[in-house]
Structure formats: C-alpha cells, structure tokens
Amino acid sequence: MNNTQLLLSLSTVLFCLGLVGVIVRRNLLVMLMCMELMLNGVILSLVTLSQQAASTTGAVLVFLVFVVAAAEIAIAVPIVLLLARRKHTLDADAFSDLKG
Amino acid sequence: MLTLIVLLPLLGFLLNGLLGNRLGKAFVSAVGCGLPILAFATAIAAFQSFQAAGAPLVETAFRWALIGDFAFEITFYLDRLSSVMVLIVTGVGSLIHVYSTGYMKEDASYARYFAYLNLFLFFMLLLVLGRSLLVLFVGWEGVGLASYLLIGFWFEDSVKAAAGKKAFITNRIGDAGFLLGMFVIYSTLGTLEMDEVNAAFAGPVLPAVSASLIGVLLFIGATGKSAQIPLHVWLPDAMAGPTPVSALIHAATMVTAGVYLVARLSGVYMHAPEASEVVAVIGVLTAFFAATIAVVQTDIKKVLAYSTISQLGFMFLALGVGAYGVAVFHLYTHAFFKACLFLGAGSVIHAMGGEQDVRKMGGLYRKIPWTFGTFAVATAAIAGLPPLAGFFSKDEILWFAFASEAGGQTWLWALASLTALLTSFYMFRLLWLTFFGKPRMDEHTAHHVHESPVSMTGVLVVLAVLSAIGGFLSIPHFLEPQLPLPAVSGHLHHFETPLIVASVVIALAGLAAAAFLYGGDGSRAARMQERFKGLHRVLSGKYYVDELYEAVIGRPLVWISDRIFLRLGDRVLIDGSLHGLTGLARLTAGVLGRVQTGSLHLYVWLVLAGIFACLAWSWGHV
Amino acid sequence: MEQALLWFFALAALAGGALMLVLRHPMRVALALIASMLSLAGIYAMLGVHVIAVFQVLIYVGAVMVFMVYAIMLLDVRDPSFTRRYAGYLLPGIAGLAVLAWTFFHAIGNSQLEAGTPPATTAFDVQPFSAAFLNEFWLYFELTSVLLLAAVVAAIAILKARRGNHE
C-alpha cells in the first residue's frame, strides 16, 4: 500500500480506538484523553489529504482544530474537577443522576 | 306596500323585545297592538289597490341567493287567496293583541309576550304573502318557532315547557315531508314560485312528475302543522300556553297554514286524484275522531282544542273533494267563531281565577253576561245554526262532500254529518256545563267571579258580531276566478235542498240532546256515563294515541340513543379511540424512555452505532 | 529509509493508542498518549508539513497534555475506577470497534487514492502559512479568538462558582 492509504488507515484506527476507549474505560480523565486521541486521528487524515492537495487551506484548518482542542480541554478538565469534588470519585458510573 | 305589511310586526318584535322591559307596559301595549293594527290598515289599502289593478300585485323585496341560473328572491304576492288570508291574519290578529292587553295585564313577562306575538305575526305574514315555496317555508318554520316560544311561555313549569317541545318536534316530522315535496318540485319543474308551479300543471302538457307524489308529500307537512292524524298529538297539549295564544295560533291562523298550502297549490291537486282522496279521507277521519274525544273532555280549553282539530278536518275534507274556495270560506268563519270561543274561555278562566275544569263551573250566565252572550253566539255558529256564519260554510262542505265530481262520495257525507251532530252536541254540552245549572264551585271562587275588562269583552263582542254576519261574505264566489268550484253531476242537484234541511235538523238535534242530558241537575249525563263506562274510558284516554307513540317510537329511540349512541358510539368508540391514542403515546414514551439510563458509556456507544448506520446508509444510496 | 521511518512512527502511534485502552493508572495512560502524539508529530514532519509538526508538539503535547497531567496529579485516583478499569459496555464496545473498523477499511479499500507526490518543501513553511492564515482566513482567525475569549470567561465563571460554594 502507498503512504496515503497507510496514513488514512492509521487515522481511522486511531479514531476507532479513541471512540471505543470512551465506551469501555470508567475513569473520567481517561475518557477525556481518549477523546483527544480521536481528535488526533482526524487531524492526521486532514494533514495527509492537505499535503496531497498541496493547499494551505488544510493546514489552516488543522491549526484551528488545535485551538478548539485547547479550548475544549481548558473547559472540560475544570468541569471534571468540579464533578469529582461533588461526588468524590472519578467513576463515570457514579454520574447517572439524569437517569429516566 | 306588501313589504311594509310584513315588516311592521317585525319592528314590533324588535322594539318590544329589546326595549320593552325598560320602557314599561304602556309602551309595550302601544307598540304591540298599534303595529298590527297599522299592518291591518295597510293590508286593506293593498287589497283596494289590488281590486283597482285587477291583476295580482307582485313585490320583490330582495334577492336572497343566486345559484347557477336560478335566483331565489324574496317576493310578495297578493292575489285573491292571499288577500283573504292577509286580512284574516292581520284583522283577527290585531283583535287578539288588544284582548291580550287585558288578559296578560298582571303577568311579569308582559314585554316578552308581546314580542313573541309580534314575531309570530311577522312569520305568518311571510307565510301567506310569499310567492315562492321557499319564503312560505321560512314563514312555516318561523310560526313553528313562535308557537314553541309561546306554548312554553311559562317555561318554569316543566310540563308546559315539554308541551312546547312536543309541538315543535311533531311539526318537524311533518316538515320532512314538506321538504321532500319541495325537492321533487324543484328538481322536476325547476322553480319554486307557486304561481309558476300551478301554471306548469295547467298547461296542455303535464310535467313528467307524479302530481300525486307532490300532493302527498306536501300534505304530510300540512298534517304536522294543521294537526291531522297522525300528527295531531301536539295541539291538545299546546293548551298549556296563554289563552290568547291558543286563540290566535291554534285556532285562527297557524293551524290553517296547512289548509292555505293545499289551497294555494290547487293547480297540482286538481291533477292528483289519489292525493286528493288521501286528503279527504284523512280529513273526515280526523274530524270524526277528534269530535268523539271532545264529547268527554272536562277541561274547557281541551274541548275547544279537539274542536279545532275536528274543524280542520272539515277543511281538509273540502280540499280533498276539490272545493278549495269552500275550505277557505270555512277557514274564515272558523277563525271568527273559534277565536271568539277561545277568548270567551279565557274570559271565563279569568273570572274563575284560573280554574279550567268545567266540572267545577256552572251557573255563570248571570254573573258574566257579556262573556255568556258572545260565547253562546259563537257556539251556535260552530254548531251550524242558520243564519250564523258556521251554517253557510259547513253546509257547503257537506254538499260538496256528497256531490262533487272530483271525489265526493256518500260515505264522506255521512261521516261528516255524524261529526256535525257530535260537534253541535259537545259544544252545547260545554255551554250548559259552564254557564247553566247550579254553581259547582267553592265559596271563595264564587265571590270573585267578575266580568272581564272592556279590552277583553269589547273584542268578544266584535268577534261575535263577525261570527253572526260573516257567512254573508261570499268568499267562494270571490275566489272563484282563481279557485274554481268543482262540477256537480246533474242528477244530484235535486238533493241540494234536502241536505240543507238535514244539516239544520242535525244542529238542532245536537242542541236538544245536550240540553236534555245536561240541563236540570245533570244526573242523566252521569247515568249515561255509568252505562258506557268502557267507551268513556277509551275516549277520555284519547284513544291512547300518545301512549302508543311513546311505546312504539319514544322508548325505542331512547333505548337506541342510550345503548348504541351513548355507550357504544360515544364512550367506547370516540372516547376509547382518544384514550387509546394517549395510551399508545404513553406506551411508546415508556419504551423509548428506557434509553435514558444516565450512563455515559451507553450514550457514546449509541453514537458509534449511529456513525455506523450513517455510513451503511450512505453506501446504499450514494 | 524514509519509508521505514514512516512505518516506525505509524506503528508507534498505533501502539500508544492501543496501550491507552489497556493501562490501569491514568498517569501511564497520559504518557502513552504523549508518545502517540509525538509519533504523529514525527509523521507530520516526514510529510514535510513542519509547521503543523511544531504546533502539534507545542500546543498539543506542551499545553493540553501538561494540563491533563496536572489534573491527574491533583485528583485521587484510587477510586473504584482504578480497581475495575472497564465499564459494563466492554463487549459491546469491542464488537462496535470491529464493525466500525471493518466499515472504514472497506471504504478505504474501495476508494481510489493516488500515491501522491510530495510537494515543494516551501509550500508549508511558516511564511506562506502565516500569510495565508492572516490574509485569506483572517475571519476564522478572529472567530477563534472569540472562541478563546469564551473559554476564558467560562473558566473564570467556574472559578467564581467554586469560590461561591466554599463561602
């Protein structure tokens, strides 16, 4: 297989691993990190294809995705901290108050 | 001018209805009586201009609807027949309005009474002056409405209110036939104007529709409105209303609307021998049937109610044998003496402080002489004693029932004569029981018996005079150009004088029988009643017709309405389907709500499933 | 040579991702993620997109992952999620992984992807990049600054709420 196929396959595998990681892991922080992995997978495919097309549009989009990821982490982690302070645990199964 | 005649009573209704309570009894009386009197004066003026013109007056008020090529217009039409009718309606109507000012003086709902009475007059005038069957039908329904409102005038009493409902519903059943008749006429002849309908049947080529079918259907409507068998049951109950209402609506005008309808469409009936036969037979049977019931009634108004049904039967008998003008003549004279009788009965009730049972009356002739005098004249008129009005009109009916070539048969004449005998008998019975003999009332009532005020006795005198001389207005002769008298076969002519003599003898025989049985102390009547106990019971129970209707029609209807429509249709089907829908929604929500477990892992797993589904779908469809 | 390096970095990224699912201690999971990200940065560099490679290391590893490490160190990790790593959805998750991965590979296998020629090395240098960024895409630049402002405000709001709860 050529490089493009390799990298795109890698990208999809990283995305799937991240998604499954959110499903199977119980620790909230680990779930957040798996979401970051998903994001990385997507960025890889963006970069690959933008390099193929030789356009800076893709690179700019990647940069914006970085910014969004940073902002997202900046908010998500404090939320997790607050939740952990309330329930004194990081276990995702403890947070089922919205049941029913 | 014709429009003015119709609109004056409507104005009275609006003024009395809206402002009457505020402006007091004097205003209500002035408007309530003044406007009908004005309408009567206008009617006379219209009549004179009709005489001068020589041709029917036609006045279009406005166009109601334009459907396709056909324009439904509100048109008023004054020809010989409707001029006779409009004079009776406004004339007798005005007299009864004046009488009401005295009779209803102490009633709390004085303004409402006059408003309704004026409303009735408006609709009745629409009925008689309308050119099209549609306008007549509007008037027909309107008088039914006014009758319901006035019968149930004292609606706080549920029995009286029920009587009003009975009248209206029975009328509606007849109206179904009327409507079907109108549909047939319109679909085959293309017009509802009554003069055009008559003309269509008068031409050399008859329309391709059975005249008898139209005749029978319209007659069904007439049986409802004019209380013939089998829809006569509402009229006796209608006596629950105030007595002037009984006089105006249920004696002089509204119940004659059926007679007017058949007479107006005489062109159709002349070509419908089967329908005419039906009319005549039902007329004479009703007359006999009602007369037999009247013989045993003890309420003064009920006797007069059955008498009205009987006299209407006579009118339909005349219509059925082709003597349309004679029927209208009898309508005319009947309006005079029956109104006089009813108003006289009202005067008696007024004098007796509300008592209506004749078994508690007696010996009143000295105490209320004016009422007695007018009542006696009217009783003689209805019995057919010459030279009073009833003699002329009833005799003509009997003659044509015997001799008319358009359906006269001997048995019709025989049954009608027997009915005339019964009529004379029960009317004089009523006179004797009410006014002669020893007083049978209690002390308290006896003290209070007093003559009625002039507003009431004056009207009684006018009507009695009209009952006496009314026969000399030769109405059939006046109507002959429009409503020709039927031909009489030559060999029957020599029966004419013997029949006249026979009818006089019959009237006198009735008088004699009543005087014999009820004169003196009335014990002979009591012994007769003992001997014929069974017959007396059946007659008192009015042949149990009401009970029959209740058992055959009333109870099954109530059962169907309850079991099928209420329990099955409404509760199970309609409510059930709605409840089923909500139940379904609740069920679905319950099932779908199980997705929300509060577990984040499940939600993300569902995201994965969703991504997969989208991919799979896009492959199938891209 | 370059091909082998590319493969090496690819496998390293894959290994890091897979390890994330298996390791117990969140700190070790964070380190696996960092390793994966650095491998990705290497791949970007090999592709010639140096700007992105540098930003990957600076922003992602240097800011985002450091923040995550701070958070992990701040919180007590000896809770039920430490002893039992996996939620109830382990088996459905793995099944889902298999299905999804197969779907994606099916898509990639069926599509025509060119080998691609590496572009001129100056295409993704800083200077052309920033020129494009601030000329053509200045609107998105401004919008992202608004987004960052919103993030700052949100963080302060959370901070204030925490202070409010304490007092």
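The following questions and answers concern a predicted model and examine the terms used to describe it.

Q: What makes helix 4 of chain B roughly antiparallel to helix 5 of chain B?
A: Helix 4 (residues 133-151) and helix 5 (residues 158-189) of chain B pack at an angle of about 175°. Angles over 145 degrees count as roughly antiparallel, and therefore helix 4 of chain B is described in this way relative to helix 5 of chain B. Their axes lie 9 Å apart.

Q: Which residues make the contact of helix 4 with helix 5 of chain B, and how many of them are charged?
A: Helix 4 of chain B contributes residues including Leu133(B), Phe137(B) and Tyr148(B), while helix 5 of chain B contributes, among others, Phe168(B), Asn171(B) and Met182(B). By class, the contact has ten nonpolar, four polar and no charged residues.

Q: Why is the span of helix 1 of chain C called close to the expected one?
A: Helix 1 of chain C, residues 2-22, has 21 residues.

Q: How do we know that the buried residues of helix 1 of chain C lie on the same side?
A: The buried residues are Phe9(C), Ala10(C), Ala13(C), Gly16(C), Gly17(C), Met20(C) and Leu21(C). They cover an arc of only 150° around the axis, and so they fall on the same side of helix 1 of chain C. The face turned away from this buried side carries the exposed residues Ala4(C), Trp7(C), Leu11(C) and Val22(C).

Q: What do the buried residues of helix 1 of chain C pack against?
A: They pack against helix 1 and helix 2 of chain A, together with helix 2 (26-47) of chain C.

Q: Which elements of chain A give two or more residues to the side that touches chain C?
A: In total, 57 residues of chain A are in contact with 69 residues of chain C. The contributing elements are helix 1 (3-24), helix 2 (28-53) and helix 3 (56-87) of chain A. The largest share, 20 residues, comes from helix 3 of chain A. By class, this side of chain A has 39 nonpolar, 13 polar and five charged residues.

Q: How many residues of chain C are in contact with chain B, and of what classes are they?
A: Eight residues of chain C are in contact with eight residues of chain B. On the chain C side, five are nonpolar, three are polar and none is charged.

Notes. Residues are numbered from 1 along each chain as its sequence is written. Chains are lettered from A and ligands numbered from 1 in the order in which they are written. This is a predicted model: local features need pLDDT of at least 70, side-chain atom pairs count only at pLDDT 80 or more; totals for chains, interfaces and linings use all residues. Two residues are in contact if their C-beta atoms, placed from the backbone, lie within 7 Å. Ala, Val, Leu, Ile, Met, Phe, Trp, Tyr, Cys and Pro count as nonpolar, Asp, Glu, Lys and Arg as charged, and the others, Gly among them, as polar. Helices (H or I, at least four residues) and strands (E, at least two) are DSSP runs, numbered from the N terminus. The expected span of a helix is 1.5 Å times one less than its number of residues. A residue is buried if 20 or more other C-beta atoms lie within 10 Å of its own, exposed if 12 or fewer, and partly exposed in between; C-beta atoms are placed from the backbone. The arc is that of the directions from the helix axis to the C-beta atoms. Axes are lines fitted to C-alpha atoms, for helices over the stretch in contact, and angles run from 0 to 180 degrees between N-to-C directions. Angles under 35 degrees count as roughly parallel, over 145 as roughly antiparallel, 65 to 115 as roughly perpendicular and the rest as oblique.
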